[in-house]
Amino acid sequence: NHYLPQDVAVRSVEQVPLDFHARYSCKGKEYVYQIWNHPVRDPFLKDRALHYWYPIDEALLDRAAGHYVGRHDFSSFCTLDKRERGDLTRTVTKAQVRRQGDLVTFTVAADGFLYNMVRIMVGTLLRVQQGKFSPEDIPAILDSGNRTLAGPTVPPGGLYMTRLWYDEDVV
C-alpha cells in the first residue's frame with residue numbers, strides 16, 4: 001500500500017488461476033450513486049456527490065428504480081460510441097433508492113454494466129422526480145432501445161463501485 005495513491009488501498013490478496021482476468025472473470029458488480037439533497041451545497045462533497053437542491057421523494061424514486069430489476073436490453077441507458085455494439089442485455093439484481101439525512105443513494109447491482117449506464121439510470125430517476133416521467137414509463141424506455149428517451153447522464157462525481165463478485169452463486 002505504501003506505493004499506491006492515497007485513494008487506493010489493497011485490503012486482501014488471494015491466489016487465482018493463470019487464466020483469471022479481473023474484468024472478464026467478474027460475475028457481478030454493485031455501484032452506488034450519491035446525491036446531496038439540500039438547498040445549500042456541501043463543499044466537502046464537491047465532486048463526491050451530486051448536489052440536487054430540489055426536494056427528492058426517495059419512495060417515488062425507489063418505486064421507479066424497481067423497474068430496472070430484471071433482464072433487459074439497456075440500449076436506452078448506454079452512451080454509444082464507435083465501438084461495436086454487441087449484446088447490451090444485462091441482468092439487474094438490485095436497484096434501490098434510500099435516504100440517510102440529506103444524502104440520497106441509488107444502489108444498483110448487476111451481472112455487468114454498459115458505458116455510463118448507472119449515470120443515465122440516475123438521470124432518468126431525476127426526471128421522474130421532476131415529473132417529466134412517471135415510474136411506470138421506465139419499462140417503455142427500456143423496451144424502446146432509444147437513448148434519447150431516457151434521462152440525461154449525470155456527472156461522474158458521486159459514482160462509486162462498491163462490490164465485485166467472482167463467484168456465480170453470489171450475485
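**Charged pairs, core and spaces**

Author: Let's start with the side chains of E136 and R63, which meet in a salt bridge at 3.4 Å, N to O (the term requires a side-chain nitrogen of Lys or Arg within 4 Å of a carboxyl oxygen of Asp or Glu). The two partners come from distant parts of the chain, 73 residues apart, with E136 in the loop between α2 and α3 and R63 in helix α1 (helices, H or I of at least four residues, and strands, E of at least two, are DSSP runs numbered from the N terminus). This is a predicted model, in which local features need pLDDT of at least 70 and side-chain atom pairs count only at pLDDT 80 or more, while totals for chains, interfaces and linings use all residues. Residues are numbered from 1 along each chain as its sequence is written, and side-chain values use heavy atoms, with hydrogens and water left out.

Reader: Good. How exposed are E136 and R63?

Author: E136 is partly exposed, with a relative accessible area of 46%, and R63, at 45%, is partly exposed as well. Here buried means under 20% relative accessible area, exposed over 50% and partly exposed in between, with a 1.4 Å probe and protein chains only.

Reader: And what does R63 touch, leaving out residues up to four places away?

Author: R63 touches P135 and E136, where a contact means heavy atoms within 4.5 Å. The C-alpha atoms of R63 and P135 are separated by 6.6 Å, although these residues lie 72 places apart along the chain.

Reader: How many salt bridges does the structure hold?

Author: The structure holds 6. Among them is the one where the side chains of D111 and R71 meet at 3.7 Å, N to O. That pair also links distant parts of the chain, 40 residues apart, with D111 in the loop between β5 and α2 and R71 in strand β3, residues 70-73. D111 is partly exposed at 35% relative accessible area.

Reader: What about D47, which partner does it have?

Author: The side chain of D47 meets that of K46 in a salt bridge of 3.1 Å, N to O. D47 is exposed, with a relative accessible area of 59%, and K46 counts as exposed too, at 57%.

Reader: Changing topic: how many residues are in the largest nonpolar core?

Author: It has 37 residues, and those with the most contacts inside it are I35, Y68, F74, F77, F106, V108 and L125. The elements giving two or more residues to this core are β1, α1 (58-65), β4, β5 (103-110), α2 and α3 (138-144), and the largest share, 8 residues, comes from α2. For the term itself, a nonpolar core is a set of buried Ala, Val, Leu, Ile, Met, Phe, Trp, Tyr and Cys residues joined through side-chain atoms within 4.5 Å.

Reader: Take I35, then. What does it touch?

Author: Not counting residues up to four places away in sequence, I35 touches A49, L50, Y52, I56, D102, L103, V104, V122 and L126.

Reader: And F133, where does it lie?

Author: F133 lies in the loop between α2 and α3, and beyond four places in sequence it touches T124, R127, V128, I141, L149, A150 and G151.

Reader: How much space lies in the largest pocket?

Author: About 830 Å³. Of the 28 residues that line the largest pocket, R23, R90, F113, L114 and Y115 are the closest to its centre, and β1 (28-36), β4 (89-100) and α2 (117-129) are the elements that give two or more residues to its lining.

Reader: And how much in the second largest pocket?

Author: About 340 Å³ lies there, lined by 11 residues, with T162, R163, L164, W165 and Y166 nearest the centre.

Notes. On a 1 Å grid over the protein atoms alone, a cavity is a set of points where a 1.4 Å probe fits but cannot get out, and a pocket is an open set with protein on both sides within 12 Å along at least five of seven lines; lining residues have an atom within 4 Å of a point. Grid points are joined across faces, edges and corners, and a volume is the space filled by probe spheres set on the points.
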